[in-house]
Amino acid sequence: MSRPPAKTSSTGQKIESAIEKALDPLASVIKRATQPAKAAAPAAGKPGLMISPLAVPFPEMPPVEGVEIATARAGFYKHERDDLVVFHFPDGANCAGVFTRHKVGSAPVDWCKKQLDTDKGGEGVKLMVVNAGCANAFTGKAGADAAKATAAAAAKRFDCRQRDVMLASTGVIGVVLDDTKITAKLPEIEAGLSADNWAKAGAGIMTTDTFPKGSTAECEIEGVKVRISGIAKGSGMIAPDMATMLAFIVTDADIAPPVLKALLNLHVRTTFNSVTVDGDTSTNDTALIFATGKSGAPRIGRVGDRRLKDFSRALEQVMLDLAHQLVKDGEGATKFVKVTVDGAASPASARKLAKSIADSPLVKTAIAGEDANWGRIVMAVGKTEEAVDRDRLAIFFGPHTAAVDGAPAADYNEEVMSAYMKNDEIDITVHVGSGRASATVWTCDLTKRYIEINGDYRS
């Protein structure tokens, strides 16, 4: 527990301090509204957006042997920017995917699931074609036909089967994809293929993102160095169980599709499915992993193979890094927030409680106002109907105790707490006293900018 600072002896200072405490949340909101953003540089995506103050620089991404990448402007956006990305695997790659659970899945999601669900699904994949600016979701047969036409044209251009083409789209829902815009750019794409185009690919898939997101790691399989690299996009409509995010990961390891799928499913729960920006889930979520087998490491064909330990650790590292970047680019975000619930009756209960806190607009707006309003956390915990021992409930902001044993902490200090809430990164921990399970969810604050960005999303 934190200790309160020495008390001042001046009555005037006490009164002044009390007034400042009372007005602090309002003052913080006014301050944020009138001061320029910390990173007041234009974003590479939609015009008018400023780069998130929590932005992460795009890392150095060495080539991954077995994949080459190209980008082009297909014209799905009115302004000048690349909006088409193609990954080419000349010698083929093993592939696995995890997709949205949304009941209204998009045409490219349907396409990928169909190709990967066949007997030989995920073997020998040659292409991945991604467009930004049009989700091709809720578009009926016309959308499905457009997806198939895109795969057919790409397969013909690169001399492979349609089933060896993966598709992904992101952007406005309810607009049929104009596949001719992609087809017209395939010659340019083929000419521009390079193993060193990760940064351009990261920018090419952005929608309302304000910075491209990439991550890379190295590991070993039986003493052979293996690389894992990936990019992702997403800044709104981000919630657990996949959201409006695309994530593409490539490794030069030689791993069979069923093993890739098992690893992806294992780690998606604690990474992409443990972040939330606004609690909304999208129609187009796609996370694909490709293994080119070019590292020289031995082939892994069994899920329980112990040689996967280091690879599994590195894959989770890349996925978690990308997931955190999604939150740090949350629409209008100024705070990166880690919510941990422990002492829960079960992992599922802990997760539901953490998500309730992370999704609460009242909690998120309090954080935006730099107000340690722990009463709103009590609200978010109690409304879930999960097992909670009220008399053992404890709430912490970073190292500081707000409540303990179901009541305000005896040494609660508003000044110390307010100072902590001014940090860019906030940790909230809640003990619910019902068991031993725990879960962590990452989120961001909710600001006026979120409304501005989404209010004119299509304009």
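## Two crossing helices

Select α9 and α11 to begin: their crossing is right-handed. The coordinates come from a predicted model. Helix α9 covers residues 347-359 and helix α11 covers residues 374-382. Their axes lie 8 Å apart, and the packing angle is about 135°. Angles of 65 to 115 degrees count as roughly perpendicular and those over 145 as roughly antiparallel, so α9 is oblique to α11.

Now show side chains at the contact. On the α9 side, select L353, S356 and I357. On the α11 side, select I377, A380 and V381. These residues make the contact between the two helices.

## The whole chain

Zoom out and clear the selection. The protein has 13 helices and 14 strands. Of its 459 residues, 53% count as buried. Take the contacts between residues at least 6 apart in sequence: 80% of them join residues at least 24 apart.

## Aromatic rings

Select F87 and W198 for one of them. Their ring centres are 5.5 Å apart and the planes stand at 80°. Planes over 60 degrees apart count as edge-to-face, so this pair is edge-to-face.

Colour the chain by secondary structure and find where the two residues sit. F87 is in strand β2 (residues 84-99), while W198 is in helix α6 (residues 198-204).

F248 belongs to strand β7 (residues 246-251), and 161 residues separate it from F87 in β2. F248 is buried, as is F87. With F87, W198 and F248 all displayed, you have a cluster linked by ring pairs.

## Lysines over rings

Two further selections show a charge placed over a ring.

- Select K213 and F211: the charged end of K213 sits over the F211 ring, 4.5 Å from the ring centre.
- Select K328 and F336: here the charged end of K328 sits over the F336 ring, 4.9 Å from the ring centre.

## Two loop positions

Go to N197, in the loop between α5 (186-192) and α6. What is the relative accessibility of N197? The value is 11%, and since buried means under 20%, N197 counts as buried. Display the surroundings of N197, leaving aside its neighbours within four places in sequence. The residues in contact with N197 are then I69, A70 and G192.

Finish at A135, in the loop between β3 (125-134) and α3 (140-157). A135 counts as buried, with 1% relative accessibility.

Notes
Residues numbered from 1 in each chain as written. Predicted model: local features only at pLDDT ≥ 70, side-chain atom pairs only at ≥ 80, totals over all residues. Heavy atoms only, no water. Phe/Tyr/Trp six-rings, centres within 6.5 Å; stacked < 30°, edge-to-face > 60°. Helix = DSSP H or I, 4+ residues; strand = E, 2+ residues; numbered from the N terminus. Buried < 20%, exposed > 50% of the residue type's maximum accessible area, 1.4 Å probe, protein only. Lys NZ or Arg CZ within 6 Å of the ring centre and 35° of its normal. Axes fitted to C-alpha atoms, helices over the stretch in contact; angles between N-to-C directions. Parallel < 35°, antiparallel > 145°, perpendicular 65-115°, else oblique. Left-handed = near helix turned anticlockwise from the far one by under 90°. Contact = heavy atoms within 4.5 Å.
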